[in-house]
Amino acid sequence: MHVRRGSPIMLAATSLVAVLLTTGCGAEASSPSLATEAATQTNQSATASAASDPPPKTPKAFVRLWVKEANSIQADGRVGTFLAMSPGCDACAQFAKRVRKMYRKGGYIHTDGWTVRSITLVQRLPNHASFELKYLSAPTEYQEAAGTAVKHYDGGPGSVQVFLTRRGGNWGLIDYSRL
């Protein structure tokens with residue numbers, strides 16, 4: 001078995017860190033099929049999560065919940081709640097699409113994802129906020145499709161600035177930048 005470590009393609013395909021940091025979010029609408037899925041997905045996991053967790057009241061609490069959901073989709077490939085939390089974030093939609101594709105092809109991702117180290121306020125306006133999010137990305141083992149080579153990502157520390165907006169009383173992640 002051939003194992004590649006640290007290639008940009010591997011990182012982009014599997015690590016939340018690499019996917020979010022190699023593409024940009026923007027205000028443009030994400031893929032129609034992913035947007036539709038976010039609005040209509042009724043899998044039990046997403047429905048139970050959304051029903052049992054009230055929307056976070058503070059933007060900082062939202063960032064923690066968003067990281068938790070990003071970690072969750074890597075474990076099961078169910079992306080609806082994650083997409084609903086990231087309206088208009090193209091990189092988030094691309095990450096969700098890659099994860100969903102891996103699971104649909106019989107692949108998997110084994111990781112503990114990101115551990116939040118700190119969330120520091122950068123700017124706060126009535127319906128907007130930005131934070132510096134420092135995290136530690138766990139090591140990752142993944143297989144892009146059934147029968148393909150198992151690959152690894154070593155993990156490590158990182159940071160991003162996340163940009164949130166509040167619409168209808170709920171926060172959403174709309175953009176980010178590498179720090």
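Reader: What makes Trp114 count as buried?

Author: Its relative accessibility is 4%, and buried means under 20% relative accessible area, with exposed over 50% and partly exposed in between (1.4 Å probe, protein chains only). So Trp114 counts as buried. Bear in mind that this is a predicted model, where local features need pLDDT of at least 70, side-chain atom pairs count only at pLDDT 80 or more, and totals for chains, interfaces and linings use all residues. Side-chain values use heavy atoms, leaving out hydrogens and water, and residues are numbered from 1 along each chain as its sequence is written.

Reader: How many aromatic pairs does a search of the whole structure find?

Author: Three. Rings of Phe, Tyr and Trp (its six-membered ring) pair if their centres lie within 6.5 Å; planes under 30 degrees apart count as stacked, over 60 as edge-to-face and the rest as tilted.

Reader: Why is the pair of Phe82 and Phe95 called edge-to-face?

Author: The planes are 75 degrees apart, with 5.6 Å centre to centre, so the angle passes the edge-to-face cut-off. Phe82 sits in helix 6 (residues 80-84) and Phe95 in helix 7 (residues 90-104), 13 residues apart. Helices here are DSSP runs (H or I, at least four residues) and strands likewise (E, at least two), numbered from the N terminus. Phe82 is buried at 0%, and Phe95 is buried at 1%.
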